[in-house]
Amino acid sequence: MKTIRVLIVDDSALIRKLLSEVINDQRDMEVIGAAPDPLVAREMIRELNPDVLTLDVEMPRMDGLDFLEKLMRLRPMPVVMVSTLTEKGSEVTFRALELGAVDYVEKPKIDIATGLKQYGDQIASKIRIAMGARIFARRLPKVVSKLASADVVLPVVANRVASTEKLIIVGASTGGTEAIKLFLTHLPPDCPGILIAQHMPEAFTRSFADRLNKLCRITVSEAQGGERVLPGHAFIAPGHSHLLLKRSGANYVTELNHGELVSRHRPSVDVLFRSAANYAGKNAIGVMLTGMGKDGAAGMLEMHQAGAYNLAQDEASCVVYGMPKEAVTVGAVDEIVSLREMANKVLSKVANMGKPAIRV
């Protein structure tokens with residue numbers, strides 16, 4: 001079993017000490033160094049060649065995001081952000097993911113010593129995921145306004161269908177924030193209604209939705225429950241609840257459920273996909289994007305059995321080819337597609353849904 005070699009970058013001596021203890025307690029990883037700032041880290045990376053980096057944001061001499069941007073251009077490697085993350089700071093976190101960080105862990109806000117030890121399993125799990133993630137060299141992405149987004153989207157099929165009878169149901173986890181952004185920004189204003197379950201903390205989902213709403217030609221919002229699912233609208237599952245599709249008369253509507261974790265998650269992709277199988281059936285298109293684990297595979301299979309057409313992101317474009325792979329393995333997927341082709345593939349399928357098959 002390969003030992004994962006970790007370099008910690010944090011200006012707090014206490015955090016460096018506690019993170020070292022947490023990581024070194026794991027049988028499959030070790031801390032090979034701890035740097036108080038990015039300039040020291042730069043030299044330690046050259047000397048020690050770590051497998052994974054944990055990185056704080058606010059540090060002396062160089063901001064963590066500036067360092068991350070340079071690192072992912074010049075020497076791409078797995079990075080897990082470890083910082084004080086709040087709703088106010090969520091934009092910083094999304095920026096880190098945009099720049100190439102694999103994932104993030106929230107520092108406890110009080111009683112740091114006890115809190116970090118309790119976070120030990122989460123920290124270790126995310127380091128393991130980062131170790132297996134596909135890392136892409138990043139260029140500084142452009143910030144695009146909602147009005148200007150039409151200038152940067154890829155061409156879409158001309159035969160668009162706007163109908164409440166057609167729905168797009170999306171699941172994602174690790175790497176999903178960027179994958180969802182790329183998918184949604186390539187959709188036209190009249191696309192079918194969309195429901196999305198992305199594994200994300202409660203404080204982040206509204207900011208994530210607001211951010212997407214500024215970038216996309218469709219309207220994106222955090223689901224509140226009871227909304228009618230209309231064309232050109234996407235609803236993000238809030239971090240505190242499962243998102244389900246329901247019917248109210250002839251209309252599709254959202255529903256929130258604060259029940260137990262399903263597949264170890266809330267929101268769970270399985271819960272969303274199963275509700276789509278039950279209430280939308282062949283009128284739904286399932287989309288499984290990058291993510292770690294099995295959440296969504298069983299639910300997507302139920303969608304497939306109910307007549308839905310399902311697509312999974314291909315391995316080459318995934319940060320983590322876990323959830324799509326599991327969906328493919330159980331036979332839930334009709335088509336495997338690269339992330340950059342996903343929007344056009346979905347729109348093409350929507351345009352042809354309900355048309356009679358051509359017999360030869």
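Reader: How do you know that the span of helix α6 (residues 120-132) agrees with its 13 residues?

Author: This is a predicted model, in which local features need pLDDT of at least 70 and side-chain atom pairs count only at pLDDT 80 or more, while totals for chains, interfaces and linings use all residues. Residues are numbered from 1 along each chain as its sequence is written, and side-chain values use heavy atoms, with hydrogens and water left out. A helix is a DSSP run of H or I with at least four residues, a strand a run of E with at least two, and both are numbered from the N terminus. The expected span is 1.5 Å times one less than the number of residues, so the 13 residues of α6 should span 18 Å, and the 19 Å between its end C-alpha atoms agrees with that.

Reader: What makes Thr54 count as buried?

Author: Buried means under 20% relative accessible area, exposed over 50%, and partly exposed in between, with a 1.4 Å probe and protein chains only. Thr54 has 1% relative accessibility and therefore counts as buried. Thr54 is found in strand β3 (residues 52-55), and, leaving aside neighbours within four places in sequence, its contacts (heavy atoms within 4.5 Å) include Val6, Leu19, Val80 and Ile127. Ile127 belongs to α6, where it is buried, as are Ile123 and Ala124, among others.

Reader: Why is helix α4 called roughly perpendicular to helix α7?

Author: The axes, which are lines fitted to C-alpha atoms over the stretch in contact, with angles from 0 to 180 degrees between N-to-C directions, come within 9 Å for α4 (residues 90-99) and α7 (residues 176-184) and cross at roughly 80°. Angles under 35 degrees count as roughly parallel, over 145 as roughly antiparallel, 65 to 115 as roughly perpendicular and the rest as oblique, which makes α4 roughly perpendicular to α7.

Reader: Which residues of α4 and α7 meet?

Author: Phe94, Leu97 and Glu98 in α4 meet Thr177, Glu178 and Lys181 in α7.

Reader: What makes helix α9 (residues 269-279) mostly covered?

Author: Eight of the 11 residues of α9 are buried, among them Val271, Leu272 and Phe273. The buried residues of α9 pack against several elements, including strands β6 (167-172) and β12 (284-288) and helix α10 (297-305).

Reader: How many helices and strands does the protein have, and what share of its residues is buried?

Author: The secondary structure comes to 12 helices and 14 strands, and 55% of the 360 residues count as buried.
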